[in-house]
Amino acid sequence: MKRNILFVMIFVLIALMAFSASQELIEAAKKEGKVVVYSITSRIKNAAEAFEAKYGISVEAFNLKGYELIEKVSKEVGGGIVGADFVIAQDGGRIFGELVEPGYLENYVPEDFKDVIPADYQNPLRLSMITKVFIYNSETYTYPPVVNVWALTDPEFRGQFFFKDPFQEGVNMNFLTMITKPELSEELAAAYKRYYGKPIELTEENAGYEWIKGVLENGLVLMKSDTTMAGSIGIKGQGIDKVGLCTYSKVRYRETKNLALLPIMGMDPFAGFYYPSYLMLTENADNPNAAKLFIEYLLTEPGFEPWSGSEGTYSSNPNILPHPGDNSFEIWSKLLIGEDPEYLFSHRIDVEEFWNAFAY
Amino acid sequence: MPEIILKDVTKKFGEVFAVKNLNLTIEDRDFVTLLGPSGCGKTTTLRMISGLETPTEGEISIDGKIVFSSEQQINLPPDKRNIGLLFQNYALWPHMTVYQNIAFGLENLKWKKEEIQNRVQQMGELVKISELMERYPAELSGGQQQRVAIARTLAPNPKVLLMDEPLSNLDAKLRMEMRVELKRLHVEIKSTFVYVTHDQLEAMTLATKICLINEGVLNQYDTPLLIYDDPVNRFVGDFIGNPSMNFLEMKIEKINEDSCSLKNDEMNFKMNFRAKSGEYTNGQEVYLGIRPEDIQLTESDKNTSTIYSALPSGMETIVKVKLKDVILSVVAFGRVDFPVDTKIGLAFNTSNYHVFNKETSQKIATGDLEMF
Amino acid sequence: MTKIFNKTRIFFQKPENVILIVLLIILIYLTIIPLFSIAGDTFTVHSSEARRIRGSEVGDLTLYHWNYVFLSRASENLFYKPLFNTILVSLSTCAFALIVGGLFAWLITRTNLRFKKVISTLMLFPYIMPSWTLAMAWLNFFKNSNIGGAPGLFTAITGIPTPNWFAFGFFPIVIVLGLHYAPFAYILIGGILRNMDANLEEAAVILKTSRFKIIRKITIPIVMPAVLSTFLLVFSSSMSAFAVPAFLGAPVRFQVLTTQMFRTLNGVNPGVGYIIASLMIIIGTLILTINQIIIGKRKGFTTVTGKSSNISLVNLGKVRTVVSSVLLFILIAISVLPLLTFTLQSFLVEPGNYSLDNYSTIFWTGEGSPDIASGEPGILKNKYVYKGLTNSFMLSLAVAFIAGTVGILVGYAVAKNRGKRSSNFLDRLAFFPYLIPSMAFGAIYLSMFSVQRGIIPSLYGTFAILILVGSVKYLPFASRAGINAILQLGKEIEEAAVIFGVGWWKRMVRIIIPIQKPTFISGYLLPFISSMRELSLYILLVTPSTSILTTMLFQYNEKGWDQYANAIVLLIILIVLTFNFIINKVTGASIDKGIGG
């Protein structure tokens, strides 16, 4: 019996050691006493509280929009101003060129996680994968009102499709860029044929551009906030027949805000897109050790709890399971479009230009 | 000996001369008025003496000490010049009581507390404002404010008191009273007064010497009566005296050693010189200056004129008469009045008639007149 | 040589000359030089543009931006349409403000309207409140579920969904800006009407002219300069408005120049943003220069005698009570209801559900849970809100202190050197920031100080840059007050002390400042309140750690966290109103008595 207890204790100790930061780092971090983080996800504030409680290191967590984060970091680090110690960033399409390449942001992977996190998630280190899916009002419609993306260009859907402003949140521009990639635009063309029963007649470069133009000219509604979008779609008792490409995690408002939100998983040819969020140190971090400690913490189960508590966000740490009732990221990744950094790097400007000519 | 000497003092604002080459010596215990029309440079002169304005060039000394010199690069600040300055609008500090107003300057000059108290009290008695010490300026009448301002100025016991039109904000009756007070004060405190005014009557009544300035240039510096009786040019003759001097445009002819004839289309005079002060030639155009009290109204039919208008004021009556086509001012003393449009004769019986050069306006000669 | 030296020495013996020169140098550096910097930025490749402009390096010279704004495929949406929208919005706002403000002014001064006192007090309310509060209130009332998330109160009560054109875009922007500036028109026109010598109108009455003809032939021509001046000031103010079009226009993609400037300066294409900023500076300067000329002329022919005899008031007759009540009702609706909706919205959990069981204090005192408030603790428990509040206060205090103090110095130097060319120049220079639209002013500071300039390090992200931009922007309020105060005082008051050898510092502290205390205080307090409610000036320059209440409000609003946004609006209004009230009681100054804007 006693031996058993001993074994359990040793096992627990080993487990703890495996997933807990080195004593030196903790001490160095505590000496700094403070850490500042800019984050594209608002739930960082909950993680910050837990972190503060655990280590007694005070956290200043600022929730910024994608464009703001890039702007602030490049100006601050570029100007030698002390701002954030580390960031949770998104929009690989811009941050590689504008923040990583000039050396404003640096990659850091905690020792203990080098073997845990898949290698292609390590440079730069990802915190999570975030999904954006087509969402509809499940009170009004038992079944999705549309199952093909081309339906969104139909006159019946004029002014009924919500999309996040892609200049405010660059990942959406990445998505638009990706669908102009030959493989995906071919899929779009095929979906067109399935929907209308005839092949697409191109007036633009390919079916991807054609679809962008189609939705823009069909009164596409640009939103500044996923929260507002979720409210607009999911409100009950209004007979809403709208569709939005919305952060999937907003379905958590089903309960708390009494919204009727369901994803259109069977959307042809894709149900939305996903993108990674990155954890990176700033070049001029004032509190690098505390930042490292916090990064490490965010990769653990308690650290990731604010996100794993609902659908739509999936840790890069494979040991952290998705929210009960949600699909695994594996399943989602087959339905959704990902980011191809190389293609984005060379083509995003074209899509931006294209977009500028129609939007705003 | 607080004597003030200005040597070649010039002040330019941009390209404009406010004061030009002013030379002036103000003797100890003089009461000098700087007189002239507004904008003539008199206030600027006063301010240059006080040190509030910096001359462009020249030298000023007070009491034998050079306080400003453009040559030697001396420019003492006002508080080192031992002067007091009384402002036109009194410039009392509205947020201080009468007492504080008078004491503030003394405190700043590092006087001892008791000394200040005594001095303020003394000043209050001098200008009769002892009961007003705790009041604020806004609670005082114009005359009382004036007294406070004087007390404040005199408190540090300046050797020279500079005054910039100090009475112009008072009503006529108060002004008269204050003139009397000022003149007494001048004798009582035994200092030198320099007084700026544009009111010739004030200048005449107050001053021991008048310094008449026009367009930045000193015109005449003399005792009041000399200035009145013996103006050096047409401007002085015109500026001093109320009603002002009559000027008749004439031509000078038949010049002798001690007389000449003065003619125009309507009139013909012969002048016998009493004094000569300038060159003149035959046929030269001149002004004949006649003070209103130097014309007598007569019952005779000589120079018959018409009464144009009469303004009796009790003690005297100002009469405008029309002699041929010229309107002349005449003062008739005593309680008299004249109906409009009646005929009356004129006589020129004194010897205070002046001839001025029309071009230079300088006086040429003075003498009596005979009418042809 | 010694003569020149000597002259210089005498020149600098006078404190007003020293101040004049020092201020000239500083203000040239802070207002004129940045214009060159921003002009340069319109020809430069910025880091986020290097990829866009093929084959260029950061810092290269380029004509790309100019070409892109005026001649590219995107020009129409990027520039021409927003320009057109801006002009349309500004003109309509002017018309609205002038009609409403003018009507009120006429009713108050020339008719026997009831409740005059209450009406004229309430009338100022929309102007004292920041313009975006009305925009927020509009959203609270009229937003529809088409775009704005949950439907607003109007739909909830009546069941009628509001159409998009009514809820968002041109229409509500004009209404909101118009309502905000109508009091301004009312103040200016009412002032003229009140002071206009009534004899002018009475003379016409005696000549048996009809009422209508009097208005048309006499009243209107006389108030015309005021109307024109109001028109120009309102035009330039609505042109530079940012928050209102951002809140109300963005959902329907209704863009104006300021929103485009904000969008492009934030990363995508700063060069374009700098061009828009430069154009707005030119337009703003032009308009307000014209206004100065008009005001100058107006002073020329003075019909304003200040003596207002009792002109016979128009009898509104039977409609008197009705009209008065309707006006009163509208004004109460405009000034009180917004506050109620802010309060209401800040307690609402489920959007659009206005039933009683849906109210909660979670957004005020909650700990913040990821499910409801996206992890954001309630306003009263939120350390970031406190930080923003502290920042706002500190910033406004610093701005008020600097602007107010420099304002006094400017006033001193200008008034003492009156008539000199350098003094006129300083006067204009200190007023210049007023001519520049707020966001464009922020943009020029972004351009000027986000890199190292000589000995001055990059100020971006520091509190200093916010203080700097605020102090210079609000200097005109303070310098006006300062100049007036010192001119009013007359030079003798000070000279009386010079005679006693009182030093400059003591003269200022013991004589000049105590005497003109109320004016100087308003020179401190107007910048304070203005800074407290300012958004567009600071928004380009704040960073997370220097966030202030208004920028936090903007962010909450963008994120769609309505409850927080409403709670913060309430907070700001409370502060602004409290301070305005205190100032008004203490000094008689008030925002509505400022130089407008």
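Let me begin in chain C, where helix H5 (residues 116-128) and helix H15 (residues 319-335) pack at an angle of about 35°, with their axes 9 Å apart; helices here are DSSP runs of H or I of at least four residues, strands are E runs of at least two, and both are numbered from the N terminus. Axes are lines fitted to C-alpha atoms, for helices over the stretch in contact, and angles run from 0 to 180 degrees between N-to-C directions. This is a predicted model, in which local features need pLDDT of at least 70 and side-chain atom pairs count only at pLDDT 80 or more, while totals for chains, interfaces and linings use all residues. Residues are numbered from 1 along each chain as its sequence is written, and chains are lettered from A and ligands numbered from 1 in the order in which they are written.

Which residues make the contact between these two helices? On H5(C) they include C:Val118, C:Leu122 and C:Phe125, and on H15(C) they include C:Leu327, C:Leu331 and C:Ser335, where contact requires C-beta atoms, placed from the backbone, to lie within 7 Å. The residues of this contact divide into eleven nonpolar, one polar and no charged, with Ala, Val, Leu, Ile, Met, Phe, Trp, Tyr, Cys and Pro counted as nonpolar, Asp, Glu, Lys and Arg as charged, and the others, Gly among them, as polar.

Turning to the interface, 45 residues of chain C are in contact with 48 residues of chain A. On the chain C side, helix H13 (257-268) gives the most, with four residues, and by class that side has 14 nonpolar, 21 polar and ten charged residues.

Finally, chain B has an open sheet of five strands in the order E16-E20-E17-E18-E19, with antiparallel pairing, and strands pair if DSSP finds at least two bridges between them. Strand E16 (296-298) and strand E19 (326-333) stand at the edges, each with a single partner strand, so one side of each has no neighbour in the sheet.
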